[in-house]
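This briefing concerns the structure shown below.

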Amino acid sequence: MTESGSREDVEIKLSVNGRPVAAAVEPRTTLAGLLRDELGLTGTNIGCDTTSCGACTVLLDGRAVKSCTVVGAQAHGRSVVTIEGLADGDRLHPVQRAFHEHHAVQCGFCTPGMVLAAVSLLGSAPGPLTEQDVRLALKGNLCRCTGYHNIIQAVLAVANTQAVPAVSNGDE
Amino acid sequence: MIPAAFGYRRAGDLADALIRLGQGGVTVLAGGQSLLPALKARTARAETLLDIGHLTELSHITDNGSHLAIGATTRHCDLAASDLLRERLPSLAGAAALIADPQIRHMGTIGGSLAHADPAADLILAGIALDASVVLARRDGVRVIALRDFVLGAGRTAIEPGELITEVRVAPDTGPWSHRKFHRDALEWAVVAVAVSSGRVAISGLAPVPVRAPGVEAALKRGAGAAEAAALADAGTDPPTDRTAGADYRRHLARVLTRRALIEIGVAP
């Protein structure tokens, strides 16, 4: 880490999708910018860039955050999971599979954020979930195709039928 | 949406943070959920961000008997999920669970929310209902100030240069509570919100900072019903008219939300 208060790049080390990453980031570079522009992980979409739409949602230590509203330097020493890190090889994560099976995708722009918000919810919820639980948990994710119905059905299907494997070292 | 350039310094520990703050020129970054959007919109400027978000010594909820002490970098999701808080201060845990959305609750901190002093901030509203206090530390000392004296206006607080919020103190209150807000859409700040905890009533949206409703509290003490007490919710206030809502509408919302909150905690209609 830089010792001065200057605007020089910040040396950070973090885990991204299970792999160690070292980077020098400009202090104002967001985590979304780091993931997309430096690491080429363009599955993380930037929609509104104002903390509203949730398209940029990633997992930080297992918890969903809006990566447009986190600077890369804040991720130092932490674990990030993006949509690219969910599947196990060719085997989709259960939430991805449920989105596929329930046709919870229309244009697809909100999908990575929706999936990761759902994974965060399922990782923190101890028991079965109601439709209201899922709606509240996805409050920070906008779908402008208005495809919420199938998304909620997909999340409920995972929540109430199968165990969800851990994807990070989060503490929830 | 790219902020003006700023520097970044990761605080080594609390003592290091206080030294850096004392030297000036730094803006504290905790969770960043208020600060970073403001920097990106360029409604705020920072020379250098001093990151304290990772300081675990400031992230705790402890029971000190007469009060609960909540560290400044405790995140909203941890307030909402804390067994201790849910048992001893359920209204504060409940308010935290209603902030924004899960993503923001996973990053945002209680200290950051107080320092940002948004007029509609849920934790300030709940804290004013609960007579919370704020601990401010600097290199050469510590002071404790009532939250209602700490928030001075929209975005304005009593923090002096070199000071850092380190802790929020709240006496336990296990009584019935309600936290109700009215907003135009899911992620908007509330137009008017009401927090009730054991007969103490605070309302936001009637003034630049949340205010207590002494008329309602006095009416409850003498045994008034919810409708009678709630009719006094806006008494003595001078609500603003802006593009979000007119003064009369704010008064109406304050009375309706207060009545519903009182009924929710068991006051006769």
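Ala117(B) counts as buried because its relative accessible area is 2%, where buried means under 20%, exposed over 50% and partly exposed in between (1.4 Å probe, protein chains only). The model is predicted: local features need pLDDT of at least 70, side-chain atom pairs count only at pLDDT 80 or more, and totals for chains, interfaces and linings use all residues. Residues are numbered from 1 along each chain as its sequence is written, chains are lettered from A and ligands numbered from 1 in the order in which they are written, and side-chain values use heavy atoms, with hydrogens and water left out.

**Backbone geometry**

- Ala117(B) has a positive phi, near 55°, although this residue is other than glycine.
- Ala117(B) is placed in the loop between helix H7 (110-116) and helix H8 (122-129) of chain B; helices (H or I, at least four residues) and strands (E, at least two) are DSSP runs, numbered from the N terminus.
- Thr51(A), likewise not a glycine, shows a positive phi of about 70°.
- The loop between H1 and strand E3 (57-60) of chain A holds Thr51(A), which is buried at 8% relative accessibility.
- Gly53(B) sits in the loop between strand E3 (48-51) and strand E4 (61-63) of chain B, and its relative accessible area of 11% makes it buried.
- In sequence Gly53(B) and Ala30(B) are 23 residues apart, yet their C-alpha atoms are 4.1 Å apart in space.

**Salt bridges**

- Side chains of opposite charge can pair when their charged atoms come close.
- Over all chains, the structure holds 24 salt bridges, each defined as a side-chain nitrogen of Lys or Arg within 4 Å of a carboxyl oxygen of Asp or Glu.
- One of them joins Arg9(B) to Asp16(B), with the closest N and O atoms 3.1 Å apart; both residues are buried.
- Arg143(B) and Glu163(B) form another, at 2.7 Å from N to O.
- This pair links distant parts of the chain, 20 residues apart: Arg143(B) is in strand E7 (residues 141-146) of chain B, and Glu163(B) is in the loop between strand E9 (156-157) and strand E10 (164-170).
- Arg143(B) is partly exposed at 29% relative accessible area, whereas Glu163(B) is buried at 5%.
- Glu217(B) and Arg212(B) meet in a salt bridge of 2.6 Å, N to O.
- Glu217(B) is buried, with a relative accessible area of 13%, and Arg212(B) is buried as well, at 16%.
- Arg212(B) and Glu217(B) also belong to a network of salt bridges that includes Asp131(B), Arg148(B), Asp173(B) and Arg200(B).

- Arg63(A) belongs to strand E4 (residues 63-66) of chain A and is buried at 12% relative accessibility.

**Charged surface**

- Glu8(A), Asp9(A), Glu11(A), Asp37(A) and Glu38(A) make up a negative surface patch; patches are made of residues with over 30% relative accessible area and no salt bridge, like charges being joined within 9 Å and nonpolar side chains (Val, Leu, Ile, Met, Phe, Trp, Tyr) within 5 Å.
- Glu38(A) lies in helix H1 (residues 31-38) of chain A and counts as exposed because its relative accessibility is 55%.

Key
Areas by Shrake-Rupley, 256 points an atom, 1.4 Å probe, with all protein chains shown as cover. Lys, Arg positive; Asp, Glu negative; His and termini not counted. Charge placed at Lys NZ, Arg CZ, Asp CG, Glu CD.
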